[in-house]
Amino acid sequence: MDPDSKICITLPVKTASELSAALEKARQSGNSLVEIRFDALDAAELPFALKIAESAAKTGTKILATFRPRNAGGHRDISDEEKKEFWNIAANSGFWAGDFEPDDFLLLDSATIGKIKNQIVSYH
């Protein structure tokens with residue numbers, strides 16, 4: 001396999017404790033990239049999950065953050081304000097990449113998006 005190749009596992013968990021366990025399992029499995037579907041989390045779990053993911057990123061796990069509303073293939077309804085708040089926090093979390101919708105570039109300021117090292121744009 002090419003050394004630049006990535007094996008990605010997607011984690012659509014609902015709670016921060018499930019996320020913690022899934023990240024540990026992914027680490028033990030040797031996955032080089034972990035997509036966390038933050039939109040699958042219950043809204044009340046989001047702050048805790050972001051802290052867990054940030055800790056994993058700081059210890060070398062490459063995190064691909066996804067926060068997609070239901071109308072774009074996500075797991076739940078997400079308001080523009082909730083989306084802004086999420087990406088403002090995620091932008092300072094050291095994640096390897098963010099998976100954005102095209103309209104995110106109109107909603108979010110370029111400084112926030114620019115803090116995410118790699119940007120993936122998904123069209124749904």
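User: Hi! Which residues of H1 are buried?
Analyst: The buried residues of H1 are Ala16, Leu19, Ala22, Leu23 and Ala26. Buried means under 20% relative accessible area, exposed means over 50%, and partly exposed lies in between, with a 1.4 Å probe and protein chains only. Helices (H or I, at least four residues) and strands (E, at least two) are DSSP runs, numbered from the N terminus.

User: What kind of model is this?
Analyst: This is a predicted model, where local features need pLDDT of at least 70, side-chain atom pairs count only at pLDDT 80 or more, and totals for chains, interfaces and linings use all residues. Residues are numbered from 1 along each chain as its sequence is written, and side-chain values use heavy atoms, leaving out hydrogens and water.

User: Back to H1, then. What is on its other side?
Analyst: Ser17, Ala21, Lys25 and Gln28 are exposed there. Just after H1, glycine 30 takes a positive phi of about 80°.

User: How far does H1 reach?
Analyst: H1 has 14 residues and spans 20 Å from its first C-alpha to its last, close to the 20 Å expected at 1.5 Å a residue. That expected span is 1.5 Å times one less than the number of residues.

User: New topic: strand E3. Is it covered on one face or both?
Analyst: Both faces of E3 (residues 63–66) are covered, with Ile63 and Ala65 buried on one side and Leu64 and Thr66 buried on the other. In a regular strand the side chains alternate between the two faces of the sheet.

User: And which strand does E3 pair with over four bridges?
Analyst: That is E2 (residues 33–37), and the two are parallel. Arginine 37 stands opposite threonine 66 in E3. E3 is also joined in parallel to E4 (residues 97–100) by three bridges, where leucine 64 stands opposite alanine 97. Two strands count as paired if DSSP finds at least two bridges between them.

User: Which residues touch the most other members of the largest nonpolar core?
Analyst: Leu23, Ile36, Phe38, Phe86, Trp87 and Phe95 do, in a core of 30 residues. H1, E2, H2, E3 and H3 each supply at least two of its residues, and the largest share, six residues, comes from H2. Such a core is a set of buried Ala, Val, Leu, Ile, Met, Phe, Trp, Tyr and Cys residues joined through side-chain atoms within 4.5 Å.

User: What does isoleucine 36 touch?
Analyst: Not counting residues up to four places away in sequence, isoleucine 36 touches Leu11, Leu19, Leu23, Ala53, Ile63, Leu64, Ala65 and Thr66. Contact here means heavy atoms within 4.5 Å.
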